[in-house]
Amino acid sequence: VQSGTETMLGKAVAAISRIDAGGGRVFIEGEHWKAVSDTPVEAGQTVEVIGIEGLTLKVKPKNQ
C-alpha cells in the first residue's frame, strides 16, 4: 500500500496532547488526527499507530 490510512499503521509520532481512552490528538502525514489509547500518554510522548477506526487512530506508547 502506497497511500491512504493503511500507510499510518506502525508509524511512530509524538502526541500533541494527552491521549487516553477518551481521546487526544496526534499530527501525522500533514494532518491532525483524533487518537485513543488504552494506556494514557502525555503530550510529547512517542506513540505507535496500531489501528484505525473511522477517523480515529488507535495508538499505544512506543517503547524507546
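This is a predicted model: local features need pLDDT of at least 70, side-chain atom pairs count only at pLDDT 80 or more; totals for chains, interfaces and linings use all residues.
Residues are numbered from 1 along each chain as its sequence is written, and side-chain values use heavy atoms, with hydrogens and water left out.

Now the strands around that pair. β4 and β5 run antiparallel and are joined by 6 bridges, two strands being called paired if DSSP finds at least two bridges between them. These strands, β4 and β5, form a hairpin with 2 residues between them, and Gly54 in the turn has a positive phi of about 65 degrees. β5 also pairs with β3, in the parallel sense and over 3 bridges, and there Ala35 has Leu57 of β5 as its bridge partner.

β3, in turn, is joined to β2 by 5 bridges, and these two strands run antiparallel; Ile28, for instance, has Glu31 in β3 as its bridge partner. The hairpin of β2 and β3 has 2 residues between the strands, and in it Glu29 takes a positive phi near 50 degrees.

In a regular strand the side chains alternate between the two faces of the sheet.

Which residues touch the most other members of the largest nonpolar core? Among its 13 residues they are Ile19, Val26, Ile28, Leu57 and Val59, a nonpolar core being a set of buried Ala, Val, Leu, Ile, Met, Phe, Trp, Tyr and Cys residues joined through side-chain atoms within 4.5 Å. At least two residues of this core come from each of β2 (24-28), β3 (31-36), β4 (46-53) and β5 (56-61). If we leave aside neighbours within four places in sequence, Ile19 is in contact (heavy atoms within 4.5 Å) with residues including Val26, Ala35, Val36, Val41 and Val59.

Let me turn to the charged side chains. Side chains of opposite charge can pair when their charged atoms come close. The count comes to 4 salt bridges, each defined as a side-chain nitrogen of Lys or Arg within 4 Å of a carboxyl oxygen of Asp or Glu.

One of them is between Lys11 and Glu29, whose closest N and O atoms are 2.9 Å apart. Because Lys11 lies in the segment before β1 (12-14) and Glu29 in the loop between β2 and β3, this pair ties together parts that are 18 residues apart in sequence. Lys11 counts as partly exposed at 33% relative accessibility, and Glu29 is likewise partly exposed, at 46%.

Arg18, Asp20 and Glu42 are linked in a network of salt bridges. Within it, the side chains of Asp20 and Arg18 meet at 2.9 Å, N to O, and Arg18 also pairs with Glu42, the closest N and O atoms being 3.0 Å apart. Since Arg18 lies in the loop between β1 and β2 and Glu42 in the loop between β3 and β4, the pair ties together parts that are 24 residues apart in sequence.

Definitions and conventions: Buried means under 20% relative accessible area, exposed over 50%, partly exposed in between (1.4 Å probe, protein chains only). Helices (H or I, at least four residues) and strands (E, at least two) are DSSP runs, numbered from the N terminus.
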